[in-house]
Amino acid sequence: MFPTPVQKASPFIRISYQIMLPVALIVWLFPLIGVALTSVRPASDLAAGNYFGMPSYFAGFENYGAVFRDSLIGQFILNSFKITIPTVIGAVGLSCLSGFALANYQFKANLWIFFIFVAGNFVPAQILMVPVRDLTLRTGLYDSVYGLILFHTAFQAGFCTLFMRNFIKSLPFALIESARVEGVSEWKIFAYVVMPLMRPAIAALSVLIFTFVWNDYFWATVMVQGAHAMPVTAGLYSLNGQWVAAWHLVSAGSIVAALPPVAMFFLMQKHFIAGLTLGATKG
Amino acid sequence: MTTAVSPPVQLGWFRRNQIKLAPWLFLAPGLIMFFIYVLAPIGQSIWISFFDWDGLGKATWIGLGNYVEMLDDTNFYISLKNNLLWLVLYMLSVPAGLGIALFLNQNVVGIRLYKSLFFFPFVISQVVVGLMFTWFYAPDFGLLSGLIQAITGSKVAILADDRYATYGIIAAGLWPQIAYVMILYLTGLNNINPEQIEAARMDHAKGFALFWHIILPQLRPATFIAVVVTVIGALRSFDLVSIMTHGGPYGSTRVLSYYMYEQALSEYGYRMGYGAAIAVVLFLIMMVFITFFITRMIAQERNG
């Protein structure tokens with residue numbers, strides 16, 4: 001292990017390491033801690049200039065209550081779920097198929113198609129913006145969750161395919177080969193031999209895509225205008241304009257918006273990190 | 001299992017050609033979607049960049065007009081310069097992430113929780129990160145401004161001052177990016193062959209020499225990915241600029257992605273053609289890096 005484990009070091013180093021850990025964490029998460037504290041701070045504290053001391057009393061229920069009662073944040077959160085969940089299912093589903101195709105068959109265009117998926121995944125969003133917005137307008141999906149779902153599904157399919165293809169490549173090929181010799185059809189090999197082995201990859205990818213799509217802000221501003229379809233990132237931004245200097249509300253709203261992906265991350269931590277690094281193992 | 005291999009006579013055309021057809025059938029749904037929403041729009045954007053178009057009416061062909069206009073556009077150069085600044089300063093997240101990873105690569109009680117908490121900023125949306133730092137930087141009561149005032153005695157409104165605003169935004173962007181790089185390196189450190197480290201220690205390699213000659217070369221795959229995601233992250237910067245300053249003050253924090261959006265869609269008018277032309281420039285810059293990454297990946301695919 002590198003660096004040398006602290007257990008092997010002198011007691012002085014061991015103890016200072018144990019002290020430094022929480023200190024470093026607090027410094028690192030300082031902006032977050034500040035926002036969390038502000039979200040439970042009564043408005044009167046802010047007016048009195050108490051920005052950084054302890055809140056004079058716990059106003060969490062008051063602030064979070066006000067955020068949900070007086071703003072459309074509940075609706076925004078719901079919209080985010082309406083956009084994110086179908087996208088995760090769609091993109092992961094598509095990439096199981098395309099990843100299987102690229103991992104499993106030798107054909108001339110194989111590597112080319114793979115690299116097109118990879119490269120497409122790297123392009124800046126702005127090069128897609130005008131035509132995609134135009135297409136969404138023409139198909140009547142502008143200002144609805146469906147336009148966003150379709151776009152995100154297609155775009156994320158690039159990264160997902162890279163990920164699934166590398167995962168399937170790491171599976172024992174003999175398994176597929178022997179099924180083929182038995183005369184099992186290609187579709188059944190996919191559905192009954194490969195799919196059951198892909199569960200960890202599907203879990204890892206789902207958490208990642210959930211986070212990516214939930215946190216998207218750019219496409220939400222390009223393809224949605226009204227509150228009825230607006231996800232929470234864009235919603236929070238518009239609320240920020242309404243709540244000028246009401247930092248206790250902005251903070252509470254930010255925490256609400258950040259919570260679903262954070263909860264997801266903590267529940268599925270192992271999968272999340274496996275996902276980030278698995279997608280990146282080749283390279 | 002015994003069972004008969006079905007006699008070839010009964011095989012239909014589909015079954016006979018299954019192996020050839022199957023990859024295309026499996027690929028079709030994903031590839032079609034990807035074509036409609038990613039590949040075709042790249043071509044369309046390039047095409048649109050040769051027109052003067054407000055997004056609704058008739059488009060007028062102006063050839064290279066948009067690109068010629070760009071050559072004399074101060075705002076374009078400001079954006080381009082800021083993009084370079086992002087690119088250079090964002091690279092700091094690679095050593096910083098490595099540093100934190102080395103710090104956290106220990107086996108003490110609760111270290112797993114520490115690692116996850118350090119990773120936190122990456123999971124949070126950039127909108128929230130932007131709001132957090134705006135508050136952090138706020139003049140009068142923002143914590144950082146307070147600190148600066150205590151040290152230098154003068155007030156600084158970071159995001160309202162065109163000398164500092166871009167740096168302030170980049171600092172906010174570095175926060176989640178460092179977390180991302182850190183996690184890549186933590187996994188990399190985990191995969192290092194412990195025997196090699198022991199062998200090196202036997203030979204009295206220690207501290208920095210051990211790190212430089214033994215550890216760092218083994219972390220190369222992690223470094224490669226870290227550089228890739230950091231370059232892409234830097235060139236994609238849009239959210240933070242939009243949230244924290246709207247490109248201001250006086251347009252000094254614009255980056256190409258934001259300037260493009262402003263030209264094409266905001267109150268400054270719907271100049272789709274000019275916007276598309278800016279996007280093409282950004283795309284070409286990105287292509288330089290994409291080509292580099294892909295050639296490396298191809299080489300590895302061939303070897304592996």
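Chain B carries 15 helices and two strands. The model is a predicted one, so to speak a computed picture to explore alongside the coordinates above.

Here are some overall values for chain B.

| Property of chain B | Value |
|---|---|
| Radius of gyration | 26 Å |
| Box filled by the C-alpha atoms, along the principal axes | roughly 90 × 70 × 30 Å |
| Buried share of the 304 residues | 42% |
| Share of contacts with a separation of 6 or more that join residues 24 or more positions apart | 67% |

For the radius of gyration there is a handy reference: a compact globule of 304 residues would come out near 19 Å, whereas chain B has 26 Å.

Now to the partner chain. In the interface, 80 residues of chain B are in contact with 78 residues of chain A. Helix α2 of chain B, residues 18-48, supplies the largest share of the chain B side, with 19 residues. Sorted by class, that side of chain B holds 62 nonpolar residues, 15 polar ones and three charged ones.

Helix α6 (residues 110-122) of chain A packs against helix α8 (residues 145-169) of chain A at an angle of about 135 degrees, and their axes are 7 Å apart.

Which residues in α6(A) and α8(A) meet? From α6(A) come F114(A), F117(A), V118(A), G120(A) and N121(A), and they meet G158(A), F159(A), T161(A), L162(A) and R165(A) in α8(A). By class, this contact of α6(A) with α8(A) has five nonpolar, four polar and one charged residues.

Definitions and conventions: Residues numbered from 1 in each chain as written. Chains lettered and ligands numbered in written order. Predicted model: local features only at pLDDT ≥ 70, side-chain atom pairs only at ≥ 80, totals over all residues. Contact = placed C-beta atoms within 7 Å. Helix = DSSP H or I, 4+ residues; strand = E, 2+ residues; numbered from the N terminus. Nonpolar A, V, L, I, M, F, W, Y, C, P; charged D, E, K, R; others polar. Axes fitted to C-alpha atoms, helices over the stretch in contact; angles between N-to-C directions. Rg over C-alpha atoms; globule rule 2.2 N^0.38 Å. Buried ≥ 20, exposed ≤ 12 C-beta atoms within 10 Å, placed from the backbone.
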